[in-house]
Amino acid sequence: MAEDEAVAADGPAPGPERDDGPRQRSDVSILFVGDLVGGIGRRTLLDSLPVLRERYAPTFVVVNGENVAGGLGITPKLADELLASGVDAITLGNHTYHRREIYQYLNAQPRIVRPANFLRSQPGRGACVVERDAVRLGVVNLSGNLYLRAGRSAFTEVEVALADLGSVDHILVDIHAEATSEKIAMGWHLDGRVTAVVGTHTHVPTADARVLPRGTAYITDVGMTGPRGGVIGVKREQAIESLLTQMPVRFETSEDDPWLMGVVISCSERLRADSIEQVLMPRPANA
Ligand SMILES: [Fe+2]
Ligand SMILES: [Fe+2]
């Protein structure tokens, strides 16, 4: 990251003008946290949020929750817990429907979204709008079409999802995809039309966070919030055994070396980002 970008990423210098004045409509930051993996991922988020709130004072917190229920899917109880903890919106991905009890919840709870390019007949919605401090944030979830099961094209359906948002101040798009190419293409496709395009699903953070020329913050993958000591969330011994033996192995979520991985996007103009900063931190030691 260039030095000038690093300065911008840290946000404006604290000063009496900023600290004493009321929050301006243009002074918005969005904390987006990558796939929460299991109970360890959820606890890492909850333990880290106070630190992150103090450090970044995010206007909005959005998390990907597709792996929060024991590594696969999400339940109403877990979604409620996340939303009650101050999370503004939850995005999902290919594990959306792993837990049957979430189906009705996806239709009823407006602050949780599954990929907009799933079939219309599948439970849930692909976009939502959340509001804080009189700022309206649209959140859109997409699935890649390569190696993932999504009934419709992310590139055509995103247009429908954006149109459905109506009038908003900022838009965050989580594209949950395997292929780096699809995510990069989506970043360029939406550059100048949304505030941020963030990639999820691989559970591995990429080193390409930047603001694209027309003002859209972009990263190919935010990474996961969970055990860095496993294999994308799974106990490493089990993942290695599966690869060694080519036989079925029961996977359990690792608890080893939990980290939070996310990004903070800062904005001072409608639908544009000033900066995107990666957040990669171990679970706080005093937790
Ligand atoms: Fe995924
Ligand atoms: Fe995931």
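This is a predicted model: local features need pLDDT of at least 70, side-chain atom pairs count only at pLDDT 80 or more; totals for chains, interfaces and linings use all residues.
Student: How are helices α3 and α4 oriented to each other, roughly parallel or roughly antiparallel?
Tutor: Helix α3 (residues 38-56) and helix α4 (residues 76-84) pack with their axes 11 Å apart, at an angle of about 10 degrees. Angles under 35 degrees count as roughly parallel. The two helices, α3 and α4, are therefore roughly parallel.

Student: Which classes of residue make the contact of α3 with α4, and how many of each?
Tutor: On the α3 side the contact is made by Arg42, Leu45 and Leu46, and on the α4 side by Leu78, Glu81 and Leu82. Leu counts as nonpolar, while Arg and Glu count as charged. By class this gives four nonpolar, no polar and two charged residues.

Student: Which strands stand at the edges of the six-stranded sheet?
Tutor: The sheet is open and mixed in its pairing, with the order β5-β6-β7-β8-β10-β9. Each edge strand has a single partner, so one side of it is left without a neighbour in the sheet. The edge strands are β5 (127-132) and β9 (210-211).

Student: In which sense do β7 and β8 pair, parallel or antiparallel?
Tutor: Strand β7 covers residues 170-176 and strand β8 residues 196-200. Valine 173 stands opposite valine 197 in β8. Five bridges join β7 and β8, and the sense is parallel.

Student: Which strands does helix α7 touch?
Tutor: Helix α6 (residues 154-165) lies across β5, β6 (135-143) and β7, at about 160 degrees to β6. Helix α7 (residues 180-190) also packs on the sheet, and its direction makes about 170 degrees with that of β8. The strands touched by α7 are β6, β7, β8, β9 and β10 (217-219).

Student: What is the relation between α6 and α7, oblique or roughly parallel?
Tutor: The axes of α6 and α7 are 11 Å apart, and the packing angle is about 40 degrees. Roughly parallel requires an angle under 35 degrees. In a right-handed crossing, α6 passes α7. The two helices, α6 and α7, are therefore oblique.

Student: How many nonpolar residues are in the contact of α6 with α7?
Tutor: Ala154, Phe155, Val158, Glu159 and Leu162 of α6 meet Glu182, Ala185, Met186, His189 and Leu190 of α7. One residue of this contact is polar and two are charged. The nonpolar residues number seven.

Student: How far apart in sequence are the parts tied together by aspartate 88 and arginine 132?
Tutor: The whole structure has 14 salt bridges. In the one between aspartate 88 and arginine 132, the closest N and O atoms are 2.4 Å apart. Aspartate 88 lies in the loop between α4 and β3 (89-91) and arginine 132 in strand β5, so the pair ties together parts separated in sequence by 44 residues.

Terms used: Residues are numbered from 1 along each chain as its sequence is written. Chains are lettered from A and ligands numbered from 1 in the order in which they are written. Side-chain values use heavy atoms; hydrogens and water are left out. Axes are lines fitted to C-alpha atoms, for helices over the stretch in contact, and angles run from 0 to 180 degrees between N-to-C directions. Helices (H or I, at least four residues) and strands (E, at least two) are DSSP runs, numbered from the N terminus. Angles under 35 degrees count as roughly parallel, over 145 as roughly antiparallel, 65 to 115 as roughly perpendicular and the rest as oblique. Contact means heavy atoms within 4.5 Å. Two strands pair if DSSP finds at least two bridges between them. A salt bridge is a side-chain nitrogen of Lys or Arg within 4 Å of a carboxyl oxygen of Asp or Glu. A crossing is left-handed if the near helix is turned anticlockwise from the far one by less than a right angle, and right-handed if clockwise.
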